[in-house]
2 protein chains.
Amino acid sequence: MEEEDSADPYLPYDGGGDAIPLQELSGRGPNYAMSNGGGGAGASISTHLLDLLEEPIPGVGTYDDFHTIDWVREKCKDRERHRKAKRQHSRRIAHNFSDSRDTWSLWQGIQTITDYKPPPMTSLAGVIDIAADWLNDLKEGVCLSAMWFNHEQCCWDSNETTFAERDKCPQWKTWAELILGQAEGPGSYIMNYFMFTFWALSFAFLAVSLVKVFAPYACGSGIPEIKTILSGFIIRGYLGKWTLMIKTITLVLAVASGLSLGKEGPLVHVACCCGNIFSYLFPKYSKNEAKKREVLSAASAAGVSVAFGAPIGGVLFSLEEVSYYFPLKTLWRSFFAALVAAFVLRSINPFGNSRLVLFYVEYHTPWYLFELFPFILLGVFGGLWGAFFIRANIAWCRRRKSTRFGKYPVLEVITVAAITAIVAFPNPYTRQNTSELIKELFTDCGPLESSQLCQYRSQMNGSQAYPAGSDAAAAPGVYSAMWQLSLALVFKIIMTIFTFGLKVPSGLFIPSMAIGAIAGRIVGIAVEQLAYYHHDWFLFREWCEVGADCITPGLYAMVGAAACLGGVTRMTVSLVVIVFELTGGLEYIVPLMAAVMTSKWVGDAFGREGIYEAHIRLNGSPSLDAKEEFPHPTLAREVMRPRGNDPPLAVLTQDDMTLAELQSIISQTSCNGFPVIVSKESQRLVGFALRRDITIAIENARRKQEGIMLNSRVYFTQHAPTLPADSPRPLKLRSILDMSPFTVTDHTPMEIVVDIFRKLGLRQCLVTHNGRLLGIITKKDILRHMAQMANQDPESIMFN
Amino acid sequence: MEEEDSADPYLPYDGGGDAIPLQELSGRGPNYAMSNGGGGAGASISTHLLDLLEEPIPGVGTYDDFHTIDWVREKCKDRERHRKAKRQHSRRIAHNFSDSRDTWSLWQGIQTITDYKPPPMTSLAGVIDIAADWLNDLKEGVCLSAMWFNHEQCCWDSNETTFAERDKCPQWKTWAELILGQAEGPGSYIMNYFMFTFWALSFAFLAVSLVKVFAPYACGSGIPEIKTILSGFIIRGYLGKWTLMIKTITLVLAVASGLSLGKEGPLVHVACCCGNIFSYLFPKYSKNEAKKREVLSAASAAGVSVAFGAPIGGVLFSLEEVSYYFPLKTLWRSFFAALVAAFVLRSINPFGNSRLVLFYVEYHTPWYLFELFPFILLGVFGGLWGAFFIRANIAWCRRRKSTRFGKYPVLEVITVAAITAIVAFPNPYTRQNTSELIKELFTDCGPLESSQLCQYRSQMNGSQAYPAGSDAAAAPGVYSAMWQLSLALVFKIIMTIFTFGLKVPSGLFIPSMAIGAIAGRIVGIAVEQLAYYHHDWFLFREWCEVGADCITPGLYAMVGAAACLGGVTRMTVSLVVIVFELTGGLEYIVPLMAAVMTSKWVGDAFGREGIYEAHIRLNGSPSLDAKEEFPHPTLAREVMRPRGNDPPLAVLTQDDMTLAELQSIISQTSCNGFPVIVSKESQRLVGFALRRDITIAIENARRKQEGIMLNSRVYFTQHAPTLPADSPRPLKLRSILDMSPFTVTDHTPMEIVVDIFRKLGLRQCLVTHNGRLLGIITKKDILRHMAQMANQDPESIMFN
């Protein structure tokens with residue numbers, strides 16, 4: 001006979017082998033639900049939750065920094081809050097509507113709409129766009145008529161220039177003109193060169209200093225950390241107002257400094273900061289870590305929506321790439337946020353073309369089946385580039401992290417900025433703003449294009465007839481552009497590897513797209529010339545007549561950009577949709593799809609992680625990727641701890657420990673929680689208590705209750721155990737006990753355990769065998785086991 | 001001391017109160033994992049799975065018709081298959097690639113792409129389109145030059161008619177012309193009327209007879225059943241080849257018969273049939289119910305993609321409305337399937353306009369903020385219509401189900417078809433094909449529109465200048481069109497209620513959209529006239545100048561269509577995206593969004609279920625909706641069975657039952673599975689065995705093993721219990737024992753339990769208290785409890 005549970009007269013199967021104990025239990029029916037613990041404790045239907053409400057201990061249920069949240073608990077808390085609010089609401093408002101629940105849901109719907117306010121974030125994005133443009137042009141010169149105009153705005157109103165020479169106007173002075181008084185000649189070139197480098201270095205220095213002094217979290221793209229946070233990790237201050245302010249300012253500076261980085265990734269971080277700060281206005285979101293993450297998912301969708309002007313792509317990006325827990329409710333909230341963001345952006349009109357999107361292009365020629373071959377080649381290039389970039393960048397970042405070299409971030413940024421500026425200036429394709437470069441590469445050659453890339457012989461002859469490429473033989477301008485583009489490609493590839501990870505805000509979208517666009521344009525021009533000179537080949541004979549405009553090099557650039565971005569991030573659907581929204585035509589989805597998928601497969605062949613997952617692993621955050629499958633046939637008992645020569649699992653018993661014993665267990669171990677069992681003999685599980693909650697509860701009891709001493713008995717049961725007469729007042733800790741811990745049996749395959757952890761967002765899970773507690777599996781155990789199974793050293797995984 | 005587990009010398013904590021049993025256990029480390037059951041059973045790492053492999057019993061692991069699948073088990077089976085295939089694959093192919101796993105994944109990627117073959121499905125859709133058009137026109141007349149041409153094709157090549165009169169050509173003869181020889185006059189009108197009704201009745205009769213005789217599952221829209229199947233229910237034959245064939249044929253007939261139904265919903269069913277039949281070519285999909293459902297999710301996306309020409313909308317429809325388990329992998333597979341489907345459809349070009357979409361429209365005027373007010377009004381109308389339709393249709397369907405009246409489906413269809421045809425013929429807006437009506441209502445009035453709806457005074461004056469609506473005063477044609485449209489609206493509303501649920505294939509998308517489009521167009525024309533006659537009102541003064549073309553009635557029709565469809569189905573994002581893909585402009589997303597959301601909220605205020613969920617509940621399938629939250633604070637022990645005066649839970653013990661006892665338990669109970677416990681005294685849970693598997697295993701043992709008698713001992717442990725010398729040969733059933741059943745404690749809030757059921761796709765879950773088995777919760781228990789909590793009679797839920 002077991003002797004546990006003696007305080008509970010109603011507990012089933014306590015006696016010997018009586019015939020049908022289950023009937024006995026069920027015969028008591030609902031009464032059983034009320035009387036657990038005997039003695040008429042009253043109507044405690046939801047013991048755990050009501051206990052929490054009865055004696056709320058401040059701080060219980062919150063998390064430490066760099067800890068993982070418990071999704072299940074957070075969601076329960078939210079539903080409890082919801083029920084309470086509803087009760088109050090139904091008391092307050094007299095409803096003549098059909099059903100109070102429905103009114104509530106309607107009211108709530110309107111409320112949630114007003115909760116997600118993207119406009120401030122969008123305005124910020126508009127300001128960033130405009131400021132970055134202005135600073136960028138400041139490197140070349142200044143507008144005399146109005147200092148705050150960038151080059152384009154400066155020359156916009158000028159009626160002294162023709163359309164073809166719209167970049168040159170008397171109001172706009174280069175630094176050489178301003179200082180030396182002359183526009184041409186080696187002296188002025190050197191002057192411009194010097195001022196370009198000088199401004200680039202100043203911006204870079206300012207950016208890195210601001211980040212270092214005020215907000216260290218403002219560096220990088222932020223997407224890996226946001227993924228970690230969304231998967232349920234706590235990083236305090238990462239989405240705070242300081243990060244927001246400094247990131248906004250330094251993002252402008254970093255983009256203007258000419259470093260090989262973009263502003264799209266950081267914009268997602270900025271959007272999440274806005275979402276987080278706004279969520280503080282609504283206790284519903286700020287007090288609940290799970291609800292807060294729903295807002296952040298929507299905010300990241302709004303961020304991408306603003307960055308690219310692609311609302312649907314933004315939602316899919318949030319769904320595919322960033323989010324961890326994405327209920328359907330979040331889907332349409334994200335959609336709404338993304339939409340409003342896109343529209344506010346259009347009303348600000350930072351691109352000056354009244355278009356929603358960053359690179360709006362329209363092509364006039366269809367694509368032909370044969371062209372799939374170069375598109376797939378571009379996909380292969382994108383995959384190779386992605387794999388190479390991830391390996392090289394991670395190796396470099398690991399070096400930065402592990403050696404002394406990482407201690408001088410300012411010096412590093414200055415060095416990279418100096419090299420970038422010095423090498424970039426002579427080449428027109430690297431000197432200009434990267435987004436402008438991409439736009440130029442995407443654009444089809446029309447009669448009004450003054451770009452060197454469009455110097456076909458037809459244009460040289462002075463024929464301005466449309467289509468311009470009709471006589472598609474390349475003129476010398478195209479050949480020199482090809483050379484410059486090739487050099488720019490090599491330069492971008494090298495600099496991007498060293499730039500991503502610097503201590504300034506740095507996005508990866510634009511540099512990756514630039515590399516792909518350059519490669520794509522080169523391939524596109526090559527195919528075009530091939531088709532022109534060999535139009536009698538059987539490949540071209542069918543569809544490419546002499547003089548016809550059959551190849552669109554701009555389309556190749558776009559496909560290449562998508563392929564390279566896909567290789568780096570391993571996105572598929574969201575990437576295709578983003579690019580599809582850029583062009584607005586369903587026509588080109590098949591080429592894009594082919595290239596993006598090829599790129600993903602080629603990239604996956606060298607390693608399944610995208611750059612963001614690789615950086616998450618480098619950061620050492622315990623994040624379980626929702627995408628990768630767990631392919632090994634191990635069982636829970638092989639992963640659980642204690643194992644081998646480990647010390648035994650630290651457990652608490654439900655009613656026979658003293659406060660001193662409890663405290664010694666807490667101080668001797670470092671784990672975050674302890675299983676509570678009936679007794680050491682039976683090892684039957686009662687519940688789970690978190691270390692933080694126990695500490696807070698003991699502190700609280702010491703402050704508020706008298707007579708709590710070191711030899712006070714601690715109990716987790718409903719009623720105090722019978723104690724000797726002279727013993728001190730016992731301490732009841734039932735309110736912090738989680739009476740519904742997740743358990744699996746030791747025979748459960750790990751693939752199921754991993755699935756449970758992912759889908760329910762658990763922190764830990766207890767392992768039982770035939771009803772007895774055997775061990776515990778935490779998220780970190782799973783990550784270590786996965787590393788071990790992938791033949792990596794499990795100790796190599798650093799956890800924060 | 002407990003006496004159980006005596007056959008297992010290594011079982012932990014078997015003895016008395018020794019100090020630290022966990023250390024003892026963990027000291028044995030991996031050895032423990034190998035030796036469960038003692039006696040050197042060898043390296044049985046994954047006991048459950050390997051046992052299954054060692055002695056595969058045919059039939060174990062399959063499901064009965066109208067049963068729910070176990071997602072976790074299916075996914076485990078698939079991973080096991082995957083591992084086996086990989087082992088074979090790595091033996092077979094010498095790989096010089098970086099890593100065999102990566103090669104595999106690449107190979108697999110290509111394989112999965114070829115798995116989803118939408119072309120056959122798309123061709124089918126094209127054929128349906130063309131055939132339905134032809135049959136529909138057959139009701140009016142026949143093409144003399146080529147019988148198989150429909151009206152449009154017949155007159156296409158005719159050069160005897162002007163563009164404005166393109167509908168009239170000598171080759172096309174109405175029935176009156178053909179039979180009576182005269183085109184005008186009351187006689188020919190009556191003749192045409194008669195032939196119209198005659199053909200409609202013939203088509204309807206043929207359709208319902210085919211459905212009744214050959215494939216009863218081919219009726220209805222199919223989406224509720226597909227949702228049920230995707231949520232893990234087995235309905236054999238629902239997606240079979242007979243259903244496919246009959247549904248395709250009868251769909252054409254039903255559409256042509258002029259009944260108020262559409263072909264879009266049934267196309268999703270047809271697509272899923274295709275997906276299911278194709279999956280039989282690949283054992284990977286046909287043998288695994290979970291994998292099969294991934295194919296079906298992709299197929300339903302392809303179905304919507306084909307129906308509307310909206311690939312992204314199709315994917316989102318599959319995600320938001322249909323699918324239950326939607327991993328990211330399925331996302332891009334669906335996307336791929338939807339894309340290819342859309343492109344194959346375009347190459348077939350059934351709409352003859354080389355557009356992908358069914359209703360392609362382009363509007364030229366922007367919308368103004370004030371117009372949001374009528375758009376929201378349309379949303380309210382859509383929500384009211386949706387709520388009314390759902391209630392009325394469900395009431396009618398319930399009546400059909402419960403009274404004698406449902407026994408005459410053919411008569412019902414004929415009656416409805418006759419009423420429809422007779423009432424529809426006089427009104428041109430109900431006589432024509434519903435999709436053409438929608439197209440006409442969506443289209444903006446241009447100079448080439450000959451429609452009655454576009455008879456503005458400007459056109460009457462002979463001015464053909466664009467925009468046509470410049471002098472937007474309505475001419476009498478518009479007023480009579482308004483009357484006819486109002487009558488058509490009432491007619492459609494009434495007929496759709498009685499039509500949806502008839503025993504013919506019937507979709508709801510097109511009728512709902514038609515109702516919304518009619519209402520929208522009426523509102524649009526009203527606002528237009530208001531703005532014309534009162535252009536000095538402060539509302540219009542700002543933006544609507546005299547003579548300007550400021551209101552687009554077609555846009556109102558589109559917004560109304562989206563609102564009504566949203567009210568009926570309660571879709572949000574996917575609906576907006578589908579309509580957005582129809583127009584191709586981001587411009588009008590805000591009006592659509594406003595209307596669709598208003599419609600959803602208004603509809604939700606009268607009942608949260610969409611029409612598909614309502615029909616699922618009417619059908620009595622145990623489907624847990626993934627969307628609705630469980631808002632009640634009940635605990636698992638209040639829901640589990642046994643409860644109250646129930647008989648005790650039927651349990652099996654692991655090693656002390658005879659075959660006769662086991663069989664008597666099976667025959668006395670009707671539950672689908674039994675928990676296996678250590679002993680009646682301890683009630684500690686070992687595992688779970690399914691009724692079907694036990695029955696199959698006993699049959700199998702009787703056939704193959706000798707010496708199995710009624711008093712044979714049945715055991716679920718690794719090794720046989722020690723038996724008296726003269727006892728018959730025992731029967732080992734460990735291979736069918738699920739050693740990792742899901743358990744929750746009795747204190748677990750039901751919201752968590754519901755969450756676990758939904759996310760992991762469980763069939764049942766065992767309830768324990770302090771390590772002892774208390775009861776069981778099945779999916780049906782949860783559904784009954786939810787009904788009870790919603791103040792419905794739990795017995796009113798019928799289960800199949």
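Modeller: Start with I677(B), which stands opposite L685(B) in β6(B). Keep in mind that this is a predicted model. The two strands around that pair are β5 (residues 673-677) and β6 (residues 685-690) of chain B. They pair in the antiparallel sense, over five bridges. In general, strands of a sheet pair through backbone hydrogen bonds, either parallel or antiparallel.

Now widen the view. The sheet is open and has four strands, in the order β3-β5-β6-β9 (chain B). Its pairing is mixed. At the edges stand β3 (652-653) and β9 (737-738) of chain B. Each has a single partner strand, so one side of each is left without a neighbour in the sheet.

Next, the helix. Helix α31 of chain B covers residues 691-704 and lies across β5 and β6 of chain B. Its direction is about 75 degrees to β6(B).

For contrast, look at a helix pair in chain A. The axes of α11 (residues 241-256) and α12 (residues 264-279) of chain A come within 9 Å and cross at roughly 150 degrees. Angles over 145 degrees count as roughly antiparallel, so α11(A) is roughly antiparallel to α12(A). The crossing of α11(A) past α12(A) is left-handed. On the α11(A) side, the contact residues include L244(A), K247(A) and L251(A). On the α12(A) side, they include V270(A), C273(A) and I277(A). The residues of this contact divide into seven nonpolar, three polar and two charged.

Definitions and conventions: Residues numbered from 1 in each chain as written. Chains lettered and ligands numbered in written order. Predicted model: local features only at pLDDT ≥ 70, side-chain atom pairs only at ≥ 80, totals over all residues. Axes fitted to C-alpha atoms, helices over the stretch in contact; angles between N-to-C directions. Parallel < 35°, antiparallel > 145°, perpendicular 65-115°, else oblique. Left-handed = near helix turned anticlockwise from the far one by under 90°. Contact = placed C-beta atoms within 7 Å. Nonpolar A, V, L, I, M, F, W, Y, C, P; charged D, E, K, R; others polar. Pairing = 2+ DSSP bridges.
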